[in-house]
Protein chains: 2
Amino acid sequence: MLLEPYSVIVFDAFGTLFDVHSVSVKAEKLFPGRGNELSLLWRQKQVEYSWLRAMSRQYKPFWTVTSDALDYSLKRLNLRLEGAVDELMQAYETLSPFEETSAVIDELRNQGYRLGILTNGNNEMISTVLKNAGLSSSFEQVLTSDKVQTFKTVDAIYELVGSAFAIDRSKVLFVSSNAWDAAAATWFGFDAFWINRLNLPFESLDVEPRFEGESLTDLLRF
Amino acid sequence: MLLEPYSVIVFDAFGTLFDVHSVSVKAEKLFPGRGNELSLLWRQKQVEYSWLRAMSRQYKPFWTVTSDALDYSLKRLNLRLEGAVDELMQAYETLSPFEETSAVIDELRNQGYRLGILTNGNNEMISTVLKNAGLSSSFEQVLTSDKVQTFKTVDAIYELVGSAFAIDRSKVLFVSSNAWDAAAATWFGFDAFWINRLNLPFESLDVEPRFEGESLTDLLRF
């Protein structure tokens with residue numbers, strides 16, 4: 001079986017286990033006709049702000065980075081509504097897992113893999129999201145930006161995996177639906193499994209993920 | 001006069017002195033109806049790739065980063081045409097300055113300011129662009145990513161200014177039309193002048209540029 005060389009499988013959280021665009025339902029209710037646009041810009045700015053803060057060593061918890069990104073996106077799109085920020089941030093706390101997430105995680109655990117999460121999210125944020133999704137006890141390790149006070153794609157955050165699992169990076173399968181995350185993880189030395197849900201080309205960064213699938217279910221298909 | 005505390009004024013190049021969307025004219029000729037979309041995605045990916053390479057210490061010259069970004073953008077938008085990459089990269093070598101660029105630079109030089117460029121571009125790339133725009137001898141210092149082998153917003157690249165001009169960073173006025181660059185320069189310790197050509201809100205990064213204008217001409221208006 002293809003996954004045999006790996007005893008440890010580590011997942012990105014936002015966009016990989018949890019559908020960050022599930023907030024677009026709430027966004028569409030608040031701003032009819034603009035929900036998808038808001039949701040996409042919010043996500044883009046959230047990622048951009050984490051990169052800028054990582055590069056310039058201006059860490060702050062991902063929850064507030066996420067709130068800042070929403071604040072900017074609403075201003076940029078000229079959307080105003082009392083209480084909208086609170087409602088949308090609340091939606092982010094209760095992000096939906098993808099439909100296959102729970103079944104795939106359960107199956108991999110049953111097969112004996114050691115599972116982890118490596119996320120830009122801060123401890124409280126990821127705990128809340130996991131709890132609301134009923135996944136609190138599914139992962140041996142939940143590794144977050146809090147500990148290293150920086151974000152992906154700085155090496156320090158990927159290094160958390162080897163330390164926590166006491167394993168060499170080459171034995172780690174890293175699963176992400178974010179192409180940039182899969183690229184950087186490969187640069188770092190993990191084997192990456194890119195979940196390419198939208199059938200996009202991979203980023204042109206002189207590196208390719210070792211594996212590619214359409215959903216988490218493809219982890220079980222080899 | 002407002003600019004008096006500053007003896008040194010340093011400009012970002014791409015997007016600030018030169019209009020990166022001037023390539024969209026060529027793009028529109030090659031791909032009718034899709035030129036603007038291609039031009040915007042190309043620019044976004046160019047910046048993203050520079051950030052990812054800075055964070056993950058995967059430097060390569062900005063010219064090839066720019067070419068990679070174009071390669072991805074064409075694939076992503078499903079645009080195919082023999083020779084398109086060469087034609088568009090050539091357009092990038094002959095980027096148009098903004099209409100006011102030359103006059104403002106000349107006036108500031110006449111007023112005795114020491115002028116510099118600080119760019120993600122590599123030496124050859126920025127030399128070619130300056131030459132094609134007739135600006136080769138307008139700047140006392142042209143500082144590039146080549147020397148530090150990284151990109152904005154890592155401190156090392158902003159540090160080039162203090163070294164080259166032998167001046168404390170607090171005496172430097174840094175001019176950029178990229179809000180993220182103005183924010184990071186402010187984090188670093190420069191006073192930033194944000195050229196907000198598109199009347200956008202500033203990024204929500206807990207920092208504000210010291211000055212804001214609509215075009216380079218506003219540098220002369222105080």
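**Exercise 1. The meeting of the chains**

Task: Find how many residues of chain A are in contact with chain B, and describe the surface that the two chains bury.

Solution: Start with the contacts. In this predicted model, 32 residues of chain A touch 32 residues of chain B. Next, turn to area. The size of an interface is often given as the accessible area lost when the parts come together. Here chain A and chain B bury about 3000 Å² between them, and 56% of that lies on carbon and sulfur atoms. Finally, look for the main contributors on one side. In chain A, the residues that lose the most area to chain B are A:Met55, A:Trp187 and A:Ser204; together they make up 22% of what that side buries.

**Exercise 2. The symmetry**

Task: Work out what rotation and what shift superpose chain A on chain B.

Solution: Begin with the general idea. Two copies of a chain are related by a rotation about an axis and a shift along it. For chain A and chain B, the rotation is 180° and the shift along the axis is 0.0 Å, with an RMSD of 0.0 Å. This is therefore the relation of a two-fold axis. Now locate the axis: in chain A, the C-alpha nearest to it belongs to A:Met55, at 3.0 Å. Last, compare the contact surfaces. Both copies use the same surface, as 100% of the contact residues of chain A recur in chain B.

**Exercise 3. The sheet of chain A**

Task: Write down the strand order of the sheet in chain A, then find its edges.

Solution: First, the order. Chain A has an open sheet of six strands, E3-E2-E1-E4-E5-E6, with parallel pairing. Second, the edges. Strand E3 (141-144) and strand E6 (211-213) of chain A each have a single partner strand, so one side of each has no neighbour in the sheet. Third, the twist, which averages 20° from one strand to the next. Then zoom in on one pair: four bridges join strand E1 (residues 8-11) of chain A to strand E4 (residues 172-176) of chain A. Within this pair, A:Phe11 stands opposite A:Val175.

**Exercise 4. A helix across the sheet**

**Exercise 5. Charged pairs**

Task: Count the salt bridges between the chains, then examine one within chain A.

Solution: Side chains of opposite charge can pair when their charged atoms come close. The structure holds 31 salt bridges over all chains, and eight are counted between chain A and chain B. One salt bridge joins B:Asp155 and A:Arg57, at 2.3 Å from N to O. Within chain A, A:Asp12 pairs with A:Lys152, their closest N and O atoms being 2.9 Å apart. A:Asp12 sits in the loop between E1 and helix H1 (23-30) of chain A, and A:Lys152 in the loop between helix H7 (145-148) and helix H8 (155-165) of chain A, so the pair ties together parts that are 140 residues apart in sequence.

Conventions: Residues are numbered from 1 along each chain as its sequence is written. Chains are lettered from A and ligands numbered from 1 in the order in which they are written. This is a predicted model: local features need pLDDT of at least 70, side-chain atom pairs count only at pLDDT 80 or more; totals for chains, interfaces and linings use all residues. Side-chain values use heavy atoms; hydrogens and water are left out. Two strands pair if DSSP finds at least two bridges between them. Helices (H or I, at least four residues) and strands (E, at least two) are DSSP runs, numbered from the N terminus. Axes are lines fitted to C-alpha atoms, for helices over the stretch in contact, and angles run from 0 to 180 degrees between N-to-C directions. Copies are superposed by least squares on the C-alpha atoms of residues with pLDDT of at least 70 in both. Contact means heavy atoms within 4.5 Å. Buried area is the accessible area (1.4 Å probe) that two parts lose on being put together, summed over both. A salt bridge is a side-chain nitrogen of Lys or Arg within 4 Å of a carboxyl oxygen of Asp or Glu.
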